[in-house]
Amino acid sequence: MARMKFLCDAERCIECQACVTACKNEHEVPWGVNRRRVIVMNDGRPGEKSISVACMHCTDAPCAAVCPVDCFYTTADGIVLHDKDLCIGCGYCFYACPFGAPQYPQQTAFGVRGKMDKCTFCAGGPEPVHSQEELTKYGTNRVEEGKLPLCAEMCATKALIAGDGNVIADIYRKRVMTRGGRPQTWGWQAAYGDDI
Amino acid sequence: MNKHHDAAVRARRRWRSMVWSMMAIVFLAMALPSAGYLFAQVGEPTGEPQRQFSEQRETNPRSDMWRDGRRGEGGFTTQTGPYVTNQLMTNVGENYRQIRQGPLMTVGGWFLVAVFLAITAFYLLTGQKKIDGGRTGRTIVRWKAYERFLHWFNAICFIILAITGLSLLFGRTVLIPIVGHQAFSSYAEFAYGAHNFVGPAFSVGVLVMIVLWARHNIPKKHDWVWFKEGGGIIGNKHPPAGKMNGGEKVWFWVGVFALGLTVIITGLIALFPNLGFQTREIMSWALIIHATAAILWMGLFLGHAYIGTLGTEGALEGMTRGRVDVAWAKQHHDLWYEDVVAAGEKPVSEEELHGRQQQGPAPGSTPAGERGT
């Protein structure tokens, strides 16, 4: 059985935000809720790198461990999903997640957050497949149609790849081998020198 | 110089050389291994580092970037929203998860069970502490109406908060296997809301209680005697006590004051994420401290509730009717009773009290708020 994974190749990501836009548009994600974001390290300095981050669909997911109502479940493909009907909006998953993936529609007094929302790997939720409920609560279900997450499909430089962990690991391994085995023989330093 | 004197000098000399060489051994054993530091310190500024280690030479700048990201160093992101973070990764959550799922739930849960069982066992072994010599039938005022209202307001809030809080922490382990996911989720949503709205009301009640009752709880010398005699909980000793005994003072300062303020402050941090200063780190630590302090407080609460109801005959009525039997007052709060009587308060029998209620208060005998039952 496949174990679905995201992989962002920091040597290829050009911070174009297409993955973010694709996700927002595909699932009609409301304002203030960000299922995917691009983080730029060393912004504006030599060695700047950007990485696209969303839910990493952990094998032993911390969000699922701390959820007081046990609303998370892992699909047969290794995708971590949650049931918004069970979610009480307590925010614990947001504190437990290493990647800051869980999002909420509100942030108001008395701890009112609304139902948690996060990346579904374009695999919908527990509602009937392609139902209106699934669409409004979780967004489209592309995995059911045999497609991969739209963010990865949209990626112009194929920096963000998604799919079976073994397959995308092979793709990445080939890339690294093509670029050269020793990391210092490629990248910024090799092209422009150390002092720029 | 006689022979005896000679031997004594030699013995003293031998002793002295033994002590000195012992001290030299100890000193050198510490000093010599440290000489390397001195050597390195002196040698360093004189020249360039002799050689670069291979790890230093072949540092991969990109690995530094990943290392920074792994450490939680922030980057730049165009996304905005209350829950957007600019970190690739953070360890905070894993600590939160491990403490919450580990010691907090196991130690905390079994702590409450153990306290409950210990109190039950104590009750079964020793039974209720009776009023020595029975009731006299005459009573005096212990708590005024507004004080009783404050007490029961806080008590009801505390119990609601304890049940809803424990439900959020242990419900998944204890309740979901019994009632199922759907039912527990509906209950948990209600419990979460109740906890969040009763919490601020309780905070006000606790703060008022601290302000109003601190003066009853100032530690006195006779409290020390009370503690030395174990509060008279076992046996027939009746150590001295004012309006509050030593145990009640511990409950006030450790429970209501210290744990109460801790729970209130961490609770308000967790309750108002819209204030904006709460990072994930502050939030998760606030939740951990909140739950830890609350569980300790519940442990103390079980003791307080037992002593005030089942454990002591005649104690509960002081907080329900507001009046206690004279025999109870002499037995448990002798110094307070003496003070009250010295201040001119007269013990009243049931018939007199009944008559007084029929006719209204006798002039100048009852302060306001005393009559409410």
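A: Start at the N terminus of chain A, where the order of elements is β-α-β-β-α-β-β-α-α-α-β-α-α. That gives seven helices and six strands. This is a predicted model, so local features are given only where pLDDT is at least 70.

Take overall dimensions next. The radius of gyration of chain A is 18 Å. The globule rule gives 16 Å for 196 residues, and the two values are close, so chain A is as compact as a globular protein of that length. Along the principal axes, its C-alpha trace spans about 55 × 40 × 30 Å.

Now the interior. Of the 196 residues in chain A, 44% count as buried. Consider the contacts in chain A with a separation of 6 or more: 54% of them join residues 24 or more positions apart.

Leu160(A) is then in contact with Phe6(A), Cys8(A) and Cys19(A), with Ser52(A), and with Cys151(A), Ala152(A) and Cys155(A). Leu160(A) also belongs to the largest nonpolar core, which has 87 residues. Together with Cys93(A) and Ala96(A), Leu160(A) touches the most other members of that core. The largest share of this core comes from H10(B), with 10 residues. A second core is separate and has 11 residues, among them Ile131(B), Ala241(B), Val324(B) and Tyr337(B).

Next, the boundary between the chains. Here 43 residues of chain A are in contact with 48 residues of chain B. On the chain B side, six helices each supply at least two residues: H3 (61–71), H4, H5, H7, H9 (246–271) and H10. H7(B) gives the largest share, eight residues. By type, the chain B side has 20 nonpolar, 19 polar and nine charged residues.

H5 of chain B covers residues 145–174 and bends by about 55° at Leu168(B). Several H5(B) residues are buried: Phe158(B), Leu161(B), Thr164(B), Gly165(B), Ser167(B), Leu169(B), Gly171(B) and Arg172(B). Their cover includes four helices of chain B: H4 (92–126), H6 (176–179), H7 (181–213) and H10 (280–311).

Technical notes: Residues are numbered from 1 along each chain as its sequence is written. Chains are lettered from A and ligands numbered from 1 in the order in which they are written. This is a predicted model: local features need pLDDT of at least 70, side-chain atom pairs count only at pLDDT 80 or more; totals for chains, interfaces and linings use all residues. The bend at a residue is the angle between axes fitted to the seven residues ending there and the seven starting there. A residue is buried if 20 or more other C-beta atoms lie within 10 Å of its own, exposed if 12 or fewer, and partly exposed in between; C-beta atoms are placed from the backbone. Two residues are in contact if their C-beta atoms, placed from the backbone, lie within 7 Å. Ala, Val, Leu, Ile, Met, Phe, Trp, Tyr, Cys and Pro count as nonpolar, Asp, Glu, Lys and Arg as charged, and the others, Gly among them, as polar. The radius of gyration is taken over C-alpha atoms; the globule rule is 2.2 Å times the number of residues to the power 0.38. A nonpolar core is a set of buried Ala, Val, Leu, Ile, Met, Phe, Trp, Tyr and Cys residues joined through C-beta atoms within 7 Å. Lists of a residue's contacts leave out its neighbours within four places in sequence.
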